Amino acid sequence: MNDIQIRPATEDDFHAICGIFQTHVAAGETFPHGPDMDREACYDYWFGAPAMTFVAVKGRERVLGMYKLVPNQLARGSHVANASYMVSPNAQGVGIGRLLAEHSLEEARRQGYLAMQFNYVVSTNTPAIHLWKRLGFSIVGTLPKAYRHRRLGYVDAYVMYKLLEDPARWELAEEGQDEA
């Protein structure tokens with residue numbers, strides 16, 4: 001894992017990002033995107049504003065996975081981050097997802113987010129759910145039969161949430177927002 005680094009994604013990474021994305025979407029097990037999503041829509045998803053996209057790379061070349069960080073909502077909800085993650089099927093099971101997750105939490109803190117929320121975690125995606133729970137996320141809601149799994153049919157999706165900062169800090173941030 002020492003030769004793996006996480007850095008901001010560049011245009012040169014797009015081919016690999018799109019390939020990983022299309023593989024996950026075609027599997028129909030974890031992401032709501034349809035298989036008809038073209039390269040332009042894929043590009044907009046990963047590189048369109050306000051997304052900040054990062055890649056995990058090995059030896060500066062091979063993209064092993066990626067995440068994008070965005071505000072979960074507009075204006076008065078923009079202090080809560082949201083993120084999407086994908087790991088190449090060839091790199092799963094070796095800790096890349098955890099590296100990306102930890103990096104995203106630090107990046108969200110660095111950018112001043114006070115919490116992170118995942119709006120749509122497919123209930124059958126047990127590796128992701130276990131990872132998020134180990135990193136301090138809680139399931140705060142269940143969306144019954146919200147995801148149409150390619151093999152299993154309709155399954156639940158979860159809303160997961162984690163505070164990134166001490167709640168006392170929220171009061172200070174809130175006071176600053178009201179003055180602006």
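This is a predicted model: local features need pLDDT of at least 70, side-chain atom pairs count only at pLDDT 80 or more; totals for chains, interfaces and linings use all residues.
**Strands 1 and 2.** Strand 1 and strand 2 (residues 52–58) pair in the antiparallel sense, and I count five bridges for them.

Seven strands make up an open, mixed sheet, ordered 1-2-3-4-5-7-6. Strand 1 (4–8) and strand 6 (138–149) each have a single partner strand, so they are the edges, and one side of each has no neighbour in the sheet.

Helix 1 (residues 14–27) lies across strands 2, 3 and 4, and I get about 80° between helix 1 and strand 3 (62–71). Helix 3 (residues 96–110) lies across strands 1, 2, 3, 4, 5 and 7, running at about 35° to strand 3.

**Rings.** I find 14 aromatic pairs in the structure. For F14 and F47 the ring centres are 6.2 Å apart and the planes stand at 65°; edge-to-face needs over 60, so I log the pair as that. F14 belongs to helix 1 and F47 to helix 2 (residues 39–47), 33 residues apart, so I note a link between distant parts of the chain. Is F14 buried or exposed? F14 has 10% relative accessibility, so it counts as buried. Elsewhere, ring pairs join F54, Y67, Y85, F118, W132 and F137 into a cluster.

**A charge over a ring.** Last, I checked K68: its charged end sits over the ring of Y45, 3.6 Å from the ring centre.

Definitions and conventions: Residues are numbered from 1 along each chain as its sequence is written. Side-chain values use heavy atoms; hydrogens and water are left out. Two strands pair if DSSP finds at least two bridges between them. Helices (H or I, at least four residues) and strands (E, at least two) are DSSP runs, numbered from the N terminus. Contact means heavy atoms within 4.5 Å. Axes are lines fitted to C-alpha atoms, for helices over the stretch in contact, and angles run from 0 to 180 degrees between N-to-C directions. Rings of Phe, Tyr and Trp (its six-membered ring) pair if their centres lie within 6.5 Å; planes under 30 degrees apart count as stacked, over 60 as edge-to-face and the rest as tilted. Buried means under 20% relative accessible area, exposed over 50%, partly exposed in between (1.4 Å probe, protein chains only). A charge sits over a ring if NZ of Lys or CZ of Arg is within 6 Å of the ring centre and within 35 degrees of the ring normal.
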